[in-house]
Amino acid sequence: CPMLSGLARAAALRLGAPCARWLGSRAGVPAHVVDLRSDTVTRPGPAMRRAMAEAVVGDDDYGEDPTVRELQERAAQLLGVEQTLFVPTNTMANLICVMGHCRRRGSQLLLGQECHLHVYEQGGVAQIAGVHSHLLPDLPHGTLDLDELERVITRGLGNPYHPVCELVCLENTHSSSGGRVLPIDYLRQVHLLAQSHGARVHLDGARLMNAAVALRVPPARIVEHCDSVSFCLSKGLGAPVGALVGGPKDFIQEAWRLRKALGGGMRQAGVLAAAALVGLAEAEEELSRDHENARRFARGLQALASPHCSVNPAAVETNMVLVKVVGLPAADLCQRLQAVSPDEVAQTGHAVRVLLFPWTEQSVRAVWHRDVSTQDTELALRKWEFVLRQLGP
Ligand SMILES: Cc1ncc(COP(=O)(O)O)c(C=O)c1O
């Protein structure tokens with residue numbers, strides 16, 4: 001998972017990923033698995049699998065796959081852009097957009113220092129696109145300071161010593177701040193600022209639908225303040241593979257060429273697009289439920305009033321909960337939450353493995369998705385309660 005820090009990866013290797021929701025446990029009863037590591041872990045359900053099996057397909061690299069075309073057209077309407085392009089991953093979608101906007105080697109890209117594009121995408125913008133990144137501190141709500149942004153954009157204007165700022169990248173929802181939603185007025189201001197200095201704005205909208213559901217607005221209301229957007233189908237929407245690039249027609253024509261150069265042209269991709277169409281149709285209902293479950297969990301955890309963790313339910317805007325861990329390393333807490341003991345079964349009547357990654361050394365990020373039900377959320381909370389009680393005061 002590209003979301004993993006080195007710390008989290010090490011923990012993941014220790015924990016071992018489950019291959020089924022019910023795993024045999026050493027406590028002698030089957031353990032129920034609640035996987036809160038990421039919203040990328042979902043498996044396609046029966047409706048998605050049926051749609052994939054029945055998809056009408058063609059060679060999409062010749063533009064002949066009707067299901068991919070249907071997905072691209074439906075997504076263009078939803079995002080309020082002229083066209084979209086189906087690509088294998090959101091990482092590729094972001095890179096294509098950066099390459100589409102930054103046509104000159106050494107162009108400058110401004111972005112938040114913790115954003116996915118900078119931290120978890122292999123520095124593709126440097127190693128492949130020859131783009132120079134300038135990082136700005138992320139504010140707690142996932143925004144950038146507008147004065148600082150203006151200072152950096154204007155600093156080198158007209159000066160041949162400085163790189164030319166071509167692009168600002170934003171991320172919505174903002175993952176490292178715990179799935180925070182960027183305010184629409186902020187998006188508008190960033191766009192105006194960029195435009196007034198000849199730069200453009202790309203939105204990493206891997207979780208754009210979560211933002212739209214949280215704000216109760218059509219996604220197009222968010223995208224109208226950007227020059228391009230990436231949109232992931234394999235997170236909260238639950239499709240197994242895929243993302244979209246959205247923007248004006250000429251931008252998407254160029255995106256097609258860049259996708260080809262990056263090896264992302266796919267053939268009978270309709271089997272994947274069919275799953276994404278099911279995910280899109282169900283998105284609003286599924287994501288609203290994920291957000292409600294995340295809030296329910298945060299409120300429940302706060303009510304436990306444990307000295308070993310703290311959470312701010314007011315900061316839970318979408319499907320993520322950031323928990324501060326106190327008095328033990330976050331990795332140890334994750335270990336305890338995934339282990340099952342006879343004591344747990346005796347005291348709670350359940351054997352539950354809650355899978356989580358440490359987010360930092362002293363925090364854990366829990367992510368809701370369509371494979372975590374309201375009942376799973378309750379079981380996860382009871383497991384936290386059991387583990388926190390065992391840790392004592
Ligand atoms: C905000 C954000 N952008 C981009 C990506 C990359 O998506 P993909 O795994 O499809 O390359 C992720 C993945 O977790 C993400 O969280």
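Which helix gives the most to the shell around the ligand, and with how many residues?

Modeller: That's helix H4, residues 90–101, which gives the most to the shell, with three residues. Keep in mind that this is a predicted model.

Let's stay with the ligand for a bit. There are 14 residues around the ligand, and the closest are Asn90, Thr91, Asp204, Arg207 and Lys235. By class, the shell splits into four nonpolar, five polar and five charged residues.

Asp204 has a polar side-chain atom 2.7 Å from a nitrogen atom of the ligand. For Arg207, an N or O atom of the side chain sits 2.8 Å from a ligand oxygen atom. Lys235 also points at oxygen: one of its polar side-chain atoms is 2.9 Å from an oxygen atom of the ligand. As for cover, the ligand taken alone would expose 390 Å², and the protein buries 93% of that.

Now for the sheets. One of them is an open sheet of seven strands, and if you walk across it you get the order S3-S9-S8-S7-S6-S4-S5, with mixed pairing. The edges are held by S3 (83–87) and S5 (132–136); each has a single partner strand, so one side of each has no neighbour in the sheet. On average, neighbouring strands here are turned by 20 degrees against each other, ignoring direction.

Zoom in on the S5 end and you'll find S4 (residues 108–112) running parallel to S5, with five bridges in that pairing. Leu109 is opposite Ser133 of S5. Helix H8 (residues 184–196) packs on this sheet, where H8 touches S6 (165–171) and S7 (200–205), and the direction of H8 makes about 170 degrees with that of S6.

The loop between S6 and H8 is worth a stop, as Thr173 lies there. The peptide bond leading from Asn172 into Thr173 is cis, with omega near 5 degrees. Another backbone detail turns up at Arg216, where phi is positive, about 55 degrees, although Arg216 is not a glycine. You'll find Arg216 in the loop that runs between helix H9 (208–215) and helix H10 (219–223).

There's also a four-stranded open sheet, with antiparallel pairing and the order S10-S11-S14-S13. Its edge strands are S10 (309–310) and S13 (357–360), and since each has a single partner, one side of each is left without a neighbour in the sheet. S13 pairs with S14 (residues 363–367) in the antiparallel sense, over three bridges. One of the bridge pairs to look up is Thr360 with Ser363 in S14. Helix H13 (residues 330–338) packs on this sheet, in touch with S11 (320–325), S13 and S14, and the direction of H13 makes about 160 degrees with that of S13.

Key
Residues numbered from 1 in each chain as written. Predicted model: local features only at pLDDT ≥ 70, side-chain atom pairs only at ≥ 80, totals over all residues. Heavy atoms only, no water. Pairing = 2+ DSSP bridges. Helix = DSSP H or I, 4+ residues; strand = E, 2+ residues; numbered from the N terminus. Axes fitted to C-alpha atoms, helices over the stretch in contact; angles between N-to-C directions. Contact = heavy atoms within 4.5 Å. Near = heavy atom within 4 Å. Polar contact = N/O pair within 3.5 Å; in protein donor to acceptor, adjacent residues only side chain to side chain. Areas by Shrake-Rupley, 256 points an atom, 1.4 Å probe, with all protein chains shown as cover. Nonpolar A, V, L, I, M, F, W, Y, C, P; charged D, E, K, R; others polar.
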